[in-house]
Amino acid sequence: MEIKIAVIGGTGVYDPDILNDIRDEKVSTPYGDVELKIGKHQGIMVAFMNRHGEGHSIPPNMVNYRANIDALKRLGVKNILATAAVGSLNPLMQPGHLIFVDQFLDFTKFRQQTFFDGGSAGVVHTDMTDPYCPELREVLSLAAQSQGLTYHNGGVYVCTEGPRFETAAEIKMYRMMGGDLVGMTGVPEAPLAREAEICYATIAMVTNFAAGISPVRLLHQEVVDTMIQNGENMRKLLMQAIARVDIDRACACHNIA
Ligand code: HPA
């Protein structure tokens, strides 16, 4: 059976305990092998991928984004719900809030950004006007509403190279440019999903106010702790959203050409 929906678990979302009948699967791609789990939620087959690998062993700048998205494509996945811990630059987006981002600003530096490397792979310039699937964002909003969760449908995600956190001046600059949130993994994951013609939405959870806005220095542990404290909300949202997505629908994301 094809697996049409996947969850990519980011920092603090390591456990596919929303699923039953879980099995391990290894998918080989031209970019490397990917290990993931496959299980069921309310009779729907779901793939669960750990973005940072076993025991959070892969930093954001070293994630093999192309292998991850290609592996999901090979399984037949048409919908990806990706979780992400983020810092906030926007006073209205507070720790524990969920944001279904609608735009990104890319400040990554050294990442493979495309499947289309020229030669036999071809040269493709993908439209990125709306990088996140509006239909999946709508499903997430309805799911969050039904669970009484605090959410924002829309927000500008700034992706940095990492793995260091930002300087106070960088955060000030990102804010002036219109950024709401900052994280290290959204790019190239979102554009690669679009190239692969897979609907993709990010569930960003604010774990902290960003550098220079927060009165204290940032620690990765603070990020992990906030994700764990709010883990139940993330689980509720994922379960509701998976049940609500029409996995067989046609969507503009499936036709980039
Ligand atoms: N900056 C970058 N990435 C993050 C942050 C942050 O403040 N919080 C969680 N991920």
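This is a predicted model: local features need pLDDT of at least 70, side-chain atom pairs count only at pLDDT 80 or more; totals for chains, interfaces and linings use all residues.
Residues are numbered from 1 along each chain as its sequence is written, and side-chain values use heavy atoms, with hydrogens and water left out.

D130 sits in the loop between β7 and α2 (134–146). Helices (H or I, at least four residues) and strands (E, at least two) are DSSP runs, numbered from the N terminus. Leaving aside residues up to four places away in sequence, D130 touches Q103 and R194, with contact meaning heavy atoms within 4.5 Å.

Next, the ligand. Polar contacts here are pairs of N or O atoms within 3.5 Å. A side-chain N or O atom of E166 is 2.8 Å from a ligand nitrogen atom. A polar backbone atom of G87 lies 3.2 Å from a nitrogen atom of the ligand, and for a backbone N or O atom of A85 the distance to a ligand nitrogen is 3.3 Å. Taken alone the ligand exposes 260 Å², and the protein buries 95% of that; the areas are Shrake-Rupley values with a 1.4 Å probe.

Last, helix α3, residues 168–176. Its buried residues are E170, I171 and Y174. They pack against β7 (103–107), β9 (156–160) and β10 (181–183). On the other side of α3, A169, K172 and M176 are exposed.

Terms used. Buried means under 20% relative accessible area, exposed over 50%, partly exposed in between (1.4 Å probe, protein chains only). A polar contact is a pair of N or O atoms within 3.5 Å; within protein, one must be able to donate a hydrogen and the other to accept it, and residues adjacent in sequence count only if both atoms are side-chain atoms.
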